[in-house]
Amino acid sequence: MREGGIDEEEEKKTELRSRLLNVNDRMENHVGRLGNVNRVAVETEMTMTEMATNLRGHREVIIHGLEETKETSSLLNRTNRIITLLHNKEYFNKAILMLVIAMLFLIDILIFYIKFLKRRH
């Protein structure tokens, strides 16, 4: 019985050792996977940091472009007001010119009438 007990004990030890080795192998496998996950996480973090830097640069460019657009829009509004003012002055000047032409025409008719009447008398 002793020998049978020793065999059982050796078998249990062997089985336990086999389980331990199996668990150890699985743990090493998981440690390797964790290392890969850690490496991927570090690479991802580096990529994200680079992308954040690029996005900050793009944001500054967009903000600068927006400020330029606002300034341009303001200048265009000012220019439109000046053009409207010039058009109004143009119409006013045309009206005055027409009035002067009409007055000169009336004066010419009056002069012609006066000369024509003086010759008749």
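**Figure 1. Glu43 and Arg39 lie four residues apart in helix α1, about one turn of the helix.** The model is predicted, so local features need pLDDT of at least 70 and side-chain atom pairs count only at pLDDT 80 or more, while totals for chains, interfaces and linings use all residues. Residues are numbered from 1 along each chain as its sequence is written, and side-chain values use heavy atoms, without hydrogens and water. Helices are DSSP runs (H or I, at least four residues), numbered from the N terminus. The two side chains form a salt bridge, 3.2 Å from N to O; the term means a side-chain nitrogen of Lys or Arg within 4 Å of a carboxyl oxygen of Asp or Glu. Glu43, at 41% relative accessibility, is partly exposed, and Arg39, at 43%, is partly exposed too. Buried is under 20% relative accessible area, exposed is over 50%, and partly exposed is in between (1.4 Å probe, protein chains only).

**Figure 2. Glu15 forms a salt bridge with Arg19.** Their closest N and O atoms are 3.4 Å apart. Arg19 is exposed at 53%, whereas Glu15 is partly exposed at 43%.

**Figure 3. Glu90 and Lys94 meet in a salt bridge.** The N to O distance is 3.3 Å. Because they are four residues apart in helix α1, about one helical turn separates them. Glu90 is partly exposed at 32% relative accessibility, as is Lys94 at 45%. The whole structure has three salt bridges.

**Figure 4. Phe112 and Phe116 make an aromatic pair.** Rings of Phe, Tyr and Trp (its six-membered ring) pair if their centres lie within 6.5 Å; planes under 30 degrees apart are stacked, over 60 edge-to-face, and the rest tilted. The count by this rule is one pair. The ring centres are 6.3 Å apart and the planes at 10 degrees, so the pair is stacked. Both residues lie in helix α1 (residues 2-120). Phe112 is exposed at 61%, and Phe116 is partly exposed at 44%.

**Figure 5. A nonpolar surface patch is formed by Phe92, Ile96, Val100, Leu104, Ile107 and Ile111.** Patch residues have over 30% relative accessible area and no salt bridge; like charges are joined within 9 Å, and nonpolar side chains (Val, Leu, Ile, Met, Phe, Trp, Tyr) within 5 Å. Together the six residues have about 530 Å² of accessible area, computed by the Shrake-Rupley method with a 1.4 Å probe, only the protein chains shown counting as cover for residues. Ile107, in helix α1, is partly exposed at 41%.

How values were computed:
Helices (H or I, at least four residues) and strands (E, at least two) are DSSP runs, numbered from the N terminus.
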